[in-house]
Amino acid sequence: MSHNWKNILVSPDIHVQEVLQVLNKEAMQLVLVVDENDKLLGTVTDGDVRRALINNIALSAPVRDIMFTTPTTATASTTKKSLLALMQNKGINSIPILSAGKVVGVETLHHAMMKNRHENPVFIMAGGFGTRLRPLTDNCPKPMLHIGDKPILETVILSFINSGFINFYISTHFMPEQIQAHFGDGSKWGINIHYVHEDSPLGTGGALGLLPKNMPNLPIIMMNGDVLTKVNFERLLEFHNYNAAHATMCVREYDYQIPYGVINGEGNKIISMVEKPTQRFFVNAGIYVVSQALARSVPVNHIIDMPTLLEQHIAKQKDVLMFPIHEYWLDIGRMDDFNRAQADIYSLGMNE
């Protein structure tokens, strides 16, 4: 996805002359017309401007008079392969990426055709006991349980490989030999896999203290090894880098409906009544991007979970951001989650 897409956002009230200047300055051959909340209103290309001039529309006219109001768009969950096919099918060079109608990026044909390679470490937590999935986990670590025809952990790693990541670290504790025997050094997949072993459980944050201190100064993507998801990891990393965040947490919207009528009052007086209201929250999705500075702040064998670690850095005025995800996501923690994943893996095309 283009790194300079915010430079092509314009107000519907600016003049056509100004749009020409943006088109000339930026190399994307596209301008996105948005409202004050970055909601997409339309697009303008140099072809649109030429047609406007042929039709005697003045350069001083507002861009809203010439914008194309029904452009092809995509969502943040659309894969690069699908975006490439869409652009080739439509004969276009770029597609605005939207979330709830708001512009969150732009994918270009040039970028979609590139084979990306990311040196950033991917740190996967795979040391849990999986007690809620017994007896399946009596003799098998949870990340090695098969969803479809391969272990959960292999599906997780393959999703990163498909996004161009090559350097992996896996945190182990329970039956680590099964994990190491299956994945080895990663050469089977053309990647590098290293292992860090927790002699006793350290929590998701504590495991960071076991990572080598001489890693390249690149953000680390962290993920629980029992999460099945179609999150676009490249866009997550781009968001983190663009905002120069200290840490980024993926969050999901969670709705909870109160099964009763809720009464609001002052003293004995009823002010309002709401029947079975729904409350919405953001919940932790178990996927993070963290800076090397944050990782190095964790002492060796220090027990701490990620939420507590992030709260400590928030207290130090560090920028800890949230990245809302709308793609498929399933934490395989219980037997019904495990059974659901067996069906989802095929319908989502993740068993390839």
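A search of the whole structure finds five aromatic pairs, where rings of Phe, Tyr and Trp (its six-membered ring) pair if their centres lie within 6.5 Å, with planes under 30 degrees apart counted as stacked, over 60 as edge-to-face and the rest as tilted. The rings of F160 and F168 have centres 6.2 Å apart and planes at 80°, so this pair is edge-to-face. Both F160 and F168 are buried, meaning under 20% relative accessible area, while exposed is over 50% and partly exposed lies in between (1.4 Å probe, protein chains only). F160, F165, F168 and F233 make up one aromatic cluster.

A word on the model before we go on. It is a predicted one, in which local features need pLDDT of at least 70 and side-chain atom pairs count only at pLDDT 80 or more, whereas totals for chains, interfaces and linings use all residues. Residues are numbered from 1 along each chain as its sequence is written, and side-chain values use heavy atoms, with hydrogens and water left out.

**The cores**

F160 and F168 turn up again in the largest nonpolar core, which has 45 residues; I157, F160, F168, L228 and I332 have the most contacts inside it. A nonpolar core here is a set of buried Ala, Val, Leu, Ile, Met, Phe, Trp, Tyr and Cys residues joined through side-chain atoms within 4.5 Å. Helix α5 (residues 152-161) gives the most to this core, with seven residues. A second, separate core of 26 residues includes W5, I8, I14 and V106. In soluble globular proteins, nonpolar side chains tend to be buried together.

Helix α5 is mostly covered, with 10 of its 10 residues buried; among them are E154, T155 and S159. Helices (H or I, at least four residues) and strands (E, at least two) are DSSP runs, numbered from the N terminus.

**The sheet**

Now to the strands. An open sheet of seven strands has the order β11-β10-β7-β12-β17-β14-β18, with mixed pairing; two strands pair if DSSP finds at least two bridges between them. At the edges stand β11 (192-197) and β18 (320-324), each with a single partner strand, so one side of each has no neighbour in the sheet. From one strand to the next, the twist averages 35°.

| Strands | Bridges | Direction |
|---|---|---|
| β7 (residues 118-125) and β12 | four bridges | parallel |
| β12 (residues 220-224) and β17 (residues 278-290) | four bridges | antiparallel |
| β14 (residues 247-257) and β17 | 10 bridges | antiparallel |

M222 stands opposite Y288 in β17, and F123 stands opposite M222 in β12. Helix α5 packs on the sheet, touching β7, β10 (165-172), β11 and β12, and its direction makes about 155° with that of β10. Helix α6 (residues 176-183) also packs on the sheet, touching β10 and β11, at about 170° to the direction of β11. Axes are lines fitted to C-alpha atoms, for helices over the stretch in contact, and angles run from 0 to 180 degrees between N-to-C directions.

**L228 and L330**

Which residues does L228 contact, leaving aside its neighbours within four places in sequence? They are I147, T155, Y328, W329, L330, I332, A341, I345 and M350, where contact means heavy atoms within 4.5 Å. L330 is found in strand β19 (residues 329-331) and is buried, with a relative accessible area of 4%. The C-alpha atoms of L330 and L228, 102 residues apart along the chain, are separated by 5.1 Å. With neighbours within four places again left aside, the contacts of L330 include D226, V227, R340 and D344.
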